[in-house]
Amino acid sequence: MFADNLLAANSVNAEKLKNKGGSAAPAAVPVIDYEGSGYRQDFWEGQGREYEDAVERIALRRLLPARGDRIAEIGAGFGRLADLYLGYNQIVLFDYSRTMLADAVRNWGHDQRFVFVAGDLYQMPLADSVLDALVMVRVMHHLADVPAALAQLQPLLHQRSAAVLEYANKRNLKAILRWSIGRQRWSPFEPTPLEFVDLNFDFHPRWMSARLGEAGLQVDARYGASHFRLQALKRRLPAAALARLDSYLFRVGGKFPLAPSVFVRASTPGAPGRPQFDTTPAQLFRCPACAAYPLTALSQERLQCPSCACQYSQRDRIWDFKLQA
Ligand SMILES: C[S@@+](CC[C@H](N)C(=O)[O-])C[C@H]1O[C@@H](n2cnc3c(N)ncnc32)[C@H](O)[C@@H]1O
C-alpha cells in the first residue's frame, strides 16, 4: 500500500515536471564556489558594512512574515541573517558551500529547529510546496541562469507562502551618472544582465520583473535598498541611523529603483494549497537527481530515493544533496 502511494506520488511529480518542460537536474549551470572562502571575515566582519547589514535586516523584517512553520534561506552562507527567522518552527539553511554551512552549524547547530542542507539551487533537493517563506539575499547576484533558478524555487511555495528575493540593480544612480558622463561603457538602461566579473551579475529591474512573472511569481511589494552606499556618508553617520533613513526610501525606491539593491516580496497565488506541516527529512526533501519524493528513511541520517535509489546522508548536522559533477 505504502509502495503504491509512493509510486503514484512519484509518477504525479514526474508528470508535473514533464508538463513544465523542466527536469530535476538541468544541464550544468556554472556555480560560484564559496568552499573554503573567507566571506565572513573578508566581506563582513570589520569591513565597514554595518550599514548594508542593517538595511537588509530592516527590509527583511518588513517584508517577511515574522512567524510560520517552515522558512528556508537559499544561499544562506554562514547564516548571517538567521536570527531573523527565529519565529519559525523549522529553519532550513541551504547553501552550495559545505564550509559556509559548517560555520552556520557552529552558530546555530545547538537549535534543533535548524536544518542545514548542502546542495545546488539548480538541482533543488526540497520537495514541492514545503515552505511558508523563502529568502534569497545576495545570491541572485551570482546566478548565470535566473530563469532556471526561479523554476526550481517557485515549486517550493504554496498558495500562501511569501518569497523575499534580493537582486543587484544594474540601473542604479551611480551607474547612470557614470554612463552619462562617459566614464562607463555599458548602458544601465540596456535590459540584459551585466556580468561585470565572472559569475557576478547586475540586473535591470524590468528584466527581473519579467523573469519573475514568467516563473509564476507575483510581485506584491518592491523596495529599493542601500541608497547610501557611499564611503563619505558611511564614515560620517552611524550605520543604524543611515539604515533608518534608507528605510524611509524603501517604497519610493521600489517604484523607481535607483538603489544598488532591490528586494521583492513575491507570492504564488496559483500554487497548490498549504500541505500538512511535517518535519521529517523524508517528507521535506526530494531527490535532486530525479525529483522524486517523498524519500525513504533508511536511518535517521540516511535517505534513499525510491525512484533512482540515490542515497543522501547527514553528517555533522549537514544533509548533503550535492550531486557528483
Ligand atoms: C554572497 S553570499 C550570500 C550569503 C548570505 N545570503 C548573506 O547574505 O550573508 C552567496 C551565497 O550563495 C551561495 N550560492 C551561490 N550559488 C549557489 C547555488 N547554485 N546553490 C546554492 N547556493 C549558492 C554561495 O555558496 C554563498 O554562500
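Two residues are in contact here if their C-beta atoms, placed from the backbone, lie within 7 Å. Helices (H or I, at least four residues) and strands (E, at least two) are DSSP runs, numbered from the N terminus.

This is a predicted model: local features need pLDDT of at least 70, side-chain atom pairs count only at pLDDT 80 or more, and totals for chains, interfaces and linings use all residues. Residue numbers start from 1 along each chain as its sequence is written.

**The chain.** The secondary structure comes to 11 helices and 13 strands. The C-alpha atoms fill a box of roughly 70 × 40 × 35 Å, taken along the principal axes. Of the contacts with a separation of 6 or more, 68% join residues 24 or more positions apart. Of the 325 residues, 42% count as buried. A residue is buried if 20 or more other C-beta atoms lie within 10 Å of its own, exposed if 12 or fewer, and partly exposed in between.

**Helix α4 and its cover.** Helix α4 spans residues 98-108, and its buried residues are Met100, Leu101, Ala104 and Trp108. Seen down the axis of α4, these fall within an arc of 95°, so they line one face of the helix. The arc is that of the directions from the helix axis to the C-beta atoms. The cover over them includes α2 (39-44), β2 (88-95), β3 (114-118) and β13 (318-320).

**The core.** A nonpolar core is a set of buried Ala, Val, Leu, Ile, Met, Phe, Trp, Tyr and Cys residues joined through C-beta atoms within 7 Å. The largest has 83 residues; among those touching the most other members are Leu93, Ala104 and Phe116. Strand β5 (residues 157-168) gives the most to this core, with 7 residues. Beyond its neighbours within four places in sequence, Phe116 is in contact with residues including Leu93, Leu101, Ala104 and Trp319.

**Backbone details.** Tyr293 and Pro294 are joined by a cis peptide bond, with omega about -5°. Pro294 lies in the loop between α11 (281-284) and β10 (296-299). Two residues other than glycine with positive phi are listed below.
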